[in-house]
Amino acid sequence: MTPSNAPLQLENSTLLIDAGYVAGEWVRKSQSNKTFEVLNPSTGTVLATLPDMGRGEVKAAIDAAHTAQKDWAKKTGKERGAVLRTLYDLMVANVDDLAAILTAEMGKPLAEAKGEILYGASYVEWFAEEAKRISGDIIPGHQPDKRIMVLKQPVGVVASITPWNFPNAMMARKLAPALAVGCSFVAKPSELTPLSALAMALLGEQAGLPKGLFSLITTTASADVGKEFCANPKVRKLTFTGSTSVGKILMRQSADQVMKTSMELGGNAPFIVFNDADLDEAVEGAMISKYRNNGQTCVCANRLYVQSGVYDAFAEKLVAAVKAINVGDGFDDEVNAGPLINEGAVAKVKEHIADATSQGAKVAIGGRPHKRGGTFFEPTVLTGVTRDMKIASEETFGPVAPLFKFETVDDVIEQANDTEFGLASYFYANDLSQVWKVTEALEYGMVGVNTGLISTEVAPFGGIKQSGQGREGSKFGVEDYLEMKYVCLGGIPS
Ligand code: SIN
């Protein structure tokens with residue numbers, strides 16, 4: 001354990017980097033000479049001071065990526081896969097240091113950070129294997145002298161924008177498929193948590209990624225960088241994880257170039273508990289789904305609908321489980337919930353609780369900033385929540401479980417789908433016909449049935465409606481980085 005204000009102790013201290021990575025060079029000074037600090041959200045300690053880059057550095061990174069991609073695409077899938085496999089091995093070998101960097105910059109408990117590194121690495125491993133399986137198709141010709149082939153080719157330069165809540169895994173699951181199929185990659189991690197991404201860039205260099213193939217822009221000028229990504233004709237694909245509002249801006253900007261995009265945007269996940277559910281399992285699932293990463297994931301349960309026959313019993317069991325959550329510095333072994341990322345996050349949580357209680361909801365546990373101060377917040381359960389409250393329609397992104405009561409299946413399906421979002425959904429039930437009916441009726445990209453944890457590299461992660469487009473992970477995860485080319489071969493004598 002690293003005590004709160006002590007400098008970060010790493011076995012391999014070279015992984016803590018104070019530079020951006022542009023065109024294969026570690027850059028300590030930005031063109032503007034500006035810098036920014038990365039802080040530990042638990043303590044306020046400065047972890048690193050980084051160059052604050054702008055469009056000049058982005059252009060240089062894109063130029064290098066454009067050049068490097070040509071040779072990378074000529075390699076066989078097996079060759080590209082071997083480099084990614086080495087990156088995977090390096091991530092696993094350095095898991096303790098990578099997790100410590102992640103906990104320091106983001107705040108999540110060390111065990112959860114370790115889990116994230118292995119989760120991110122699992123995408124690298126998966127796509128290292130998939131690199132050999134980028135298959136096209138042969139279609140019977142429409143005329144006797146014709147043969148039809150379908151080729152799958154890399155889109156080219158990929159630009160990536162990723163958030164602070166999973167500083168390693170969100171970039172890993174974009175980088176790995178892009179590189180596996182033969183694209184190059186220019187990344188902009190969140191300015192709040194760039195250190196995990198930088199450590200991964202160093203491991204990528206050590207794994208043998210060619211110079212310029214992967215650049216990493218350190219910046220607070222997110223809007224400018226986004227504009228360059230969308231306006232630069234050498235970029236052929238933009239992949240983004242973040243809010244729906246920013247995703248829409250990027251989609252509008254990228255329309256000028258008719259750029260291919262993948263958007264993993266906001267959610268408002270329903271978590272439904274039916275009368276016939278196993279309540280202990282439902283509580284366990286709710287704890288994972290709601291309080292994982294302190295409620296700061298796009299797939300966190302945001303609205304918990306509990307059928308009237310089990311409402312009180314479920315609420316009681318959930319409160320008992322929440323009581324056991326230990327809030328504090330992620331480096332403390334006893335802790336299983338860290339701070340919220342910043343004051344803005346605390347303000348949103350407070351606003352949702354105040355709005356709900358002003359309209360009659362009751363605080364069953366928590367409800368206030370934690371006595372530790374800073375951005376720590378008490379894990380909270382609200383009962384008596386109704387659909388007019390803000391928490392029913394907005395993503396809280398914090399440790400608040402609002403419990404809604406419902407009577408019938410049709411009623412809960414209508415309420416669960418009454419949102420512009422469509423990322424993850426969950427329900428607990430045992431009647432098989434009900435399980436099918438509800439699964440088919442939920443308007444979401446992902447449905448967890450009798451489980452609160454659905455994330456894995458082997459499945460297609462992604463949403464519908466205003467939660468985005470495209471899928472990450474699984475055999476489908478490469479498609480977003482490929483173009484399809486139809487070849488008609490004529491003049492074949494019969
Ligand atoms: C997210 O919050 O966007 C990702 C969560 C996950 O991969 O489980």
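Domain bounds in this description come from an automatic or database domain assignment. On that basis the chain is divided into domain 1, which covers 13-265 + 468-484, and domain 2, which covers 269-456. The C-alpha centres of domain 1 and domain 2 lie 31 Å apart. Between them, 23 residues of domain 1 are in contact with 24 residues of domain 2, where contact means heavy atoms within 4.5 Å.

The model is a predicted one, in which local features need pLDDT of at least 70 and side-chain atom pairs count only at pLDDT 80 or more, while totals for chains, interfaces and linings use all residues. Residues are numbered from 1 along each chain as its sequence is written, and side-chain values use heavy atoms, with hydrogens and water left out.

The secondary structure of the chain amounts to 14 helices and 22 strands; helices (H or I, at least four residues) and strands (E, at least two) are DSSP runs numbered from the N terminus. The chain has a radius of gyration of 23 Å, close to the 23 Å that the globule rule gives for 494 residues, and is therefore as compact as a globular protein of that length. This radius is taken over C-alpha atoms, and the rule is 2.2 Å times the number of residues to the power 0.38. Along the principal axes, the C-alpha atoms fill a box of roughly 75 × 65 × 40 Å. Of contacts between residues at least 6 apart in sequence, 73% join residues at least 24 apart.

Turning to burial and surface, 57% of the 494 residues count as buried; the term means under 20% relative accessible area, with exposed over 50% and partly exposed in between (1.4 Å probe, protein chains only). The chain exposes about 19500 Å², of which carbon and sulfur atoms supply 53%. These areas come from the Shrake-Rupley method with a 1.4 Å probe, and for residues only the protein chains shown count as cover.

Two residues illustrate the two classes. S42 is found in the loop between β3 (35-39) and β4 (46-51), and it counts as buried because its relative accessibility is 17%. Beyond its neighbours within four places in sequence, S42 is in contact with G107, D329, G330, P339 and F376. E11, by contrast, is found in the segment before β1 (20-22) and is exposed, with a relative accessible area of 80%. The C-alpha atoms of E11 and S289, 278 residues apart along the chain, are separated by 33 Å.
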